[in-house]
Every structure is written in C-alpha cells, then in structure tokens.
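Subject: Structure handover and findings

Dear colleague,

My notes on what was found in it follow directly after.

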Amino acid sequence: MENSGGGALLRTRRLESFLDTSSGQRVEEVPKFLVKEKPVQQLKKDVYFDDNGWVSSIISWIRIVTCFVSMMVTTFIWALIMIVLIPLPYERIRQGNIYGHVTGRMLMWILGNPIKIEGAEFSNERAIYISNHASPIDIFLIMWLTPTGTVGIAKKEIVWYPLFGQLYVLANHLRIDRSNPTAAIESMKEAARAVVRNNLSLIIFPEGTRSKNGRLLPFKKGFVHLALQTRLPIVPMVLTGTHRAWRKGSLHVRPAPLAVKYLPPISTENWKVEKIDDYVKMVHDLYAAQLPESQKPLS
C-alpha cells in the first residue's frame, strides 16, 4: 500500500493536463485542518440548485451520457487488465484503486461541480475510511479519493450493477450477505483477516444505505466490529452538497458546490467490545456536528 505523499498527489494531479480545471471544476485542498471548524455553510438561496429549465436538463443529460460512455471505456480497459491479473489478488485490488482514481476524477470533471477538499493530510493513512452517503456522486468521490491499497465492503447484490459491479468483483473487493446475519458476521471477520494479512485499508458507508434526503441516517455497527478486529484507526470523510447535486431518483445533475472533509484519525487501539454502542454514537455525533443544518439527522 502507498502511504507516502505520492498517493495523495496521484489522486489530485492525475490527468491534470487533460482535465483542465478551467473547464468549470475547482478543487481546493486545505492542508490545515481543525475539528472545531464550523460545518460547511448552506447557501442562502436554493434557486441555483433547482433549475429545471430545458437548457439545464439538456446539459445534465449530456454530462450523464458522457459519464456513462467514459466509464464504459475505462471499465473495459481495466477489466482486461484484471483478467490478466486473476492469479494476483492483491495486484487486482491495487489496479482497482488506480481505476477509481482515474475514473472517479474524470467523472467529477465531466459533471463540473466545484469541489473543496479539507484535511487532505489525513487522506493517506492506513485506516478504515468511512463516509456518509446521499448521492451517486459519493461513489465517484470515494473512488477518486481513497488511497491505493484500499478495499471496499458492499452488499453482495453489487455484482448486478452494470459495469461497476462486475469490475468491483474483479478488483477483489469484499461483499457481504446482509440478508443473513450469521453470514454477514462471518464475512466481516473474513474481511478483517484479509485486511490485516495484506496490509490494506478499508472503505465503508456506516449508514448501510443511501439517504433519501441527504440527512444523516443511523450508523450500523459493522465499522466498529472491523475496527475492533483490525485495530486500524477510523478516518471519517464528511461529504456535503452531493445530495443537492444529484438527488435520489433524479437524472438531473445540478452544479451545486461539493465539499469533502477528512477528519483526524480516531484511534481504536484501546476500544473494548462492551462499548460498541458508545463508539457508534460517538462517531455518529461527530458527523452530525460537522454537517450543515440541511444534512443533520432528524432528532
């Protein structure tokens, strides 16, 4: 796994000459990070995000189709690479991450949303990365911004997702059967063993599903169980604005500004099994404090 600054540089500079940021997308990295920063403020007017005119709709459709075609091309290329690498499971994970860095960055450039990144100094840790989830755009951001040597955990049905699902399996990422609690627990244990054995990081959405309105959902306990078994630190990634840019059930992508904030690693070295619920609440409360009012959980 790459733990040097080169990993972050790869994700932020890849395709820089081709993906000219003057086309509309701005990426800002703020090296200094304080947990006590105020959460990202909402824009006072929502009119900007609710432009449903025909011109805006046509532009949105062009962007989505371009994303799909571009993803087909990169997926086909990396699928061939991974088929060749079938005997080398760790190398397939690494190639899957590189695919994500290239494809995720390219898709975000095509969509054109301005992006602000904070706490980038915490983006290259060997850790369990967690993220809130309210939009398909979250997937693109996670693909782009998680470090090389990171393995994902998703529901087993992901294999049926066109393009992405098949490559996910080829990239040797992990799947769990959420309909069978016993099998899910065993899958988590196997995931933890694989992570420790191969010196990997993890990425997981602790809500377990996508929020319909952008508001933070309750966290499931899986990420804490993984932390207890691997003793890896937890690095929260707080995503804001993605639910406004691409709303659930909609094919209209809006030019809403997005923000990704990495919080400092949370040590799990001294965590205890009997306090699982306390840890889940602590991390959930941390997210709630960082999110803008429109994304805070309903009390």
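Helices (H or I, at least four residues) and strands (E, at least two) are DSSP runs, numbered from the N terminus. This is a predicted model, in which local features need pLDDT of at least 70 and side-chain atom pairs count only at pLDDT 80 or more, while totals for chains, interfaces and linings use all residues. Residues are numbered from 1 along each chain as its sequence is written, and side-chain values use heavy atoms, with hydrogens and water left out.

Overall composition

The protein chain contains nine helices and eight strands. Of its 299 residues, 51% are buried (buried means under 20% relative accessible area, exposed over 50%, partly exposed in between, with a 1.4 Å probe and protein chains only). The accessible surface of the protein chain is about 14,500 Å², and carbon and sulfur atoms hold 62% of that surface; the areas come from the Shrake-Rupley method with a 1.4 Å probe, and for residues only the protein chains shown count as cover. Among contacts with a separation of 6 or more, 78% join residues 24 or more positions apart, a contact being heavy atoms within 4.5 Å.

Helix α2 and the UniProt annotation

Ser56 belongs to helix α2, which spans residues 54-84. Ser56 is buried, at a relative accessible area of 17%, and its side chain makes a polar contact of 2.9 Å with the side chain of His252. A polar contact is a pair of N or O atoms within 3.5 Å; within protein, one must be able to donate a hydrogen and the other to accept it, and residues adjacent in sequence count only if both atoms are side-chain atoms.

An unreviewed UniProt entry lists residues 58-86 as "transmembrane region". UniProt positions are given here in the numbering used for this model, feature names are shortened, and annotations may be inferred rather than shown by experiment. In the model, residues 58-86 are 93% helix and 0% strand, with the end C-alpha atoms 41 Å apart.

Nonpolar cores

A nonpolar core is a set of buried Ala, Val, Leu, Ile, Met, Phe, Trp, Tyr and Cys residues joined through side-chain atoms within 4.5 Å. The largest one has 44 residues, of which Met108, Ile117, Ile137, Leu141, Met237, Val260 and Tyr262 touch the most other members. At least two residues of this core come from each of α2, α3 (89-111), β2 (115-118), α4 (136-145), α5 (164-170), β7 (234-240) and β8 (258-262). Helix α3 supplies the largest share, eight residues. Another core, of 32 residues, lies apart from it and includes Leu202, Phe219, Leu226 and Tyr287.

Salt bridges

The whole structure has six salt bridges, each defined as a side-chain nitrogen of Lys or Arg within 4 Å of a carboxyl oxygen of Asp or Glu.

- Glu91 and Arg94 form a salt bridge, with the closest N and O atoms 3.3 Å apart. The two residues are separated by about one helical turn, because they are three residues apart in helix α3. Glu91 is partly exposed at 23% relative accessibility, as is Arg94 at 28%.
- Lys221 and Asp277 form a salt bridge, with the closest N and O atoms 3.0 Å apart. Lys221 lies in the loop between β6 (201-204) and α7 (222-230) and Asp277 in helix α9 (residues 276-290), so this pair ties together parts 56 residues apart in sequence. Lys221 is partly exposed, with a relative accessible area of 40%.
- Glu190 and Arg197 form a salt bridge at 3.7 Å, N to O. Glu190 is partly exposed at 36%, whereas Arg197 is exposed at 56%. A network of salt bridges links Glu186, Glu190, Arg193 and Arg197.

Yours sincerely
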